[in-house]
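Please read them with the structure open.

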Amino acid sequence: MLSVCVQCAVFIITATISGSQSPGQPSMPPYPGFVGLEPNLPPMSLVEVTLVYDGKRRPSFGTLVDEGGVLLFSAPRTTGSVSAYAKPHGGLSRRLVFVPKPGGVWLGHVEFPLGDSDENNRIDQGDLDYVTKLRGKTDKEAEWYDWGETTQRMAWYADTNGDGRIDESDIATVRRFLGSKSQEPPSRPSVVRQLLSGKSLARPPQ
Ligand SMILES: [Ca+2]
Ligand SMILES: [Ca+2]
């Protein structure tokens, strides 16, 4: 389930209007109440975030990279360690571990493996062959945002820097991340897993 992080959007708009950030130079980390990072993603990239804390996987939500290249999401209210699984479109999921603090948490620069044009959660030879074949294509091509019936891939996902064209830099990016795999959140809440394994079921008295 994907829902837009309204709090994050409001915060980003407020920060932009006040002029407190300049592109590429986040001037106010850490962000109180938020977790912030600077990903290798173009502005306005949508990232799906799944938090896991206190032994439970939480519902996923979406948040956008702002014009300054910063990605923010609301820090959960817990005192323990949190795993945030962040996944951009056309990129692999990364696990980010942090402990929430009232003043906010700044995770710094985070690299996401990009160019997963078939979204199979791996950057493999198929992705490299595809981006190489598309060299010279631009977002003016009719099928740029279409899921290819024969290729089962999307050209947009092969444009790793979001500049609307596929060239040597995109090929180099896919080559750099070749062999990478997604760091996936647990498929079920741990409580459910415990129940399925019988570990937390009440034992009858002996
Ligand atoms: Ca792939
Ligand atoms: Ca490009």
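1. Ground rules. This is a predicted model, in which local features need pLDDT of at least 70, side-chain atom pairs count only at pLDDT 80 or more, and totals for chains, interfaces and linings use all residues. Residues are numbered from 1 along each chain as its sequence is written, while chains are lettered from A and ligands numbered from 1 in the order in which they are written.

2. The open sheet. Three strands make an open sheet in the order β5-β1-β8, with mixed pairing. Strands here are DSSP E runs of at least two residues, helices are H or I runs of at least four, and both are numbered from the N terminus. Two strands pair if DSSP finds at least two bridges between them. β5 and β8 are the edge strands, each pairing on one side only. From one strand to the next, the twist averages 15°.

3. Strand β1. Residues 34-39 form β1, and 5 of the 6 are buried. Buried means 20 or more other C-beta atoms within 10 Å of the residue's own; exposed means 12 or fewer, and partly exposed lies in between, with C-beta atoms placed from the backbone. β1 runs antiparallel to β5 (residues 71-74), joined by 4 bridges. There, glycine 36 faces leucine 72. With β8 (residues 105-110), β1 pairs in the parallel sense, again over 4 bridges. Valine 35 has valine 105 as its bridge partner, and proline 39 has valine 110.

4. β2 and β6 run antiparallel, with 6 bridges between them. Valine 52 stands opposite serine 83 of β6. On β6, 5 of 7 residues are buried. β6 also pairs antiparallel with β7 (residues 94-98), through 5 bridges. Alanine 86 is opposite arginine 94 in that pair. The hairpin of β6 and β7 has 5 residues between its strands, and glycine 90 takes a positive phi near 75° there.

5. The core. Which residues touch the most other members of the largest nonpolar core? They are Val35, Val49, Leu72 and Ala158, out of 34 residues. A nonpolar core is a set of buried Ala, Val, Leu, Ile, Met, Phe, Trp, Tyr and Cys residues joined through C-beta atoms within 7 Å. β1, β2 (46-53), β5, β6 (82-88), α2 and α3 (155-158) each supply at least two residues. β2 gives the largest share, 4 residues.

6. Helices α2 and α4. α2 (residues 125-133) packs on α4 (residues 168-176) at about 175°, with the axes 9 Å apart. Axes are lines fitted to C-alpha atoms, for helices over the stretch in contact, and angles run from 0 to 180 degrees between N-to-C directions. The two helices are therefore roughly antiparallel; the cut-off is over 145 degrees, against under 35 for roughly parallel, 65 to 115 for roughly perpendicular and oblique for the rest. α2 contributes Asp127, Leu128, Val131 and Thr132, and α4 contributes Asp170, Ile171, Val174 and Arg175. Contact means C-beta atoms, placed from the backbone, within 7 Å.

7. Serine 117. This residue lies in the loop between β8 and α2. Serine 117 counts as buried because it has 27 C-beta neighbours inside 10 Å. Serine 117 and glutamine 152 are 35 residues apart in sequence, yet 8.5 Å apart in space, C-alpha to C-alpha.

Conventions: Contact = placed C-beta atoms within 7 Å.
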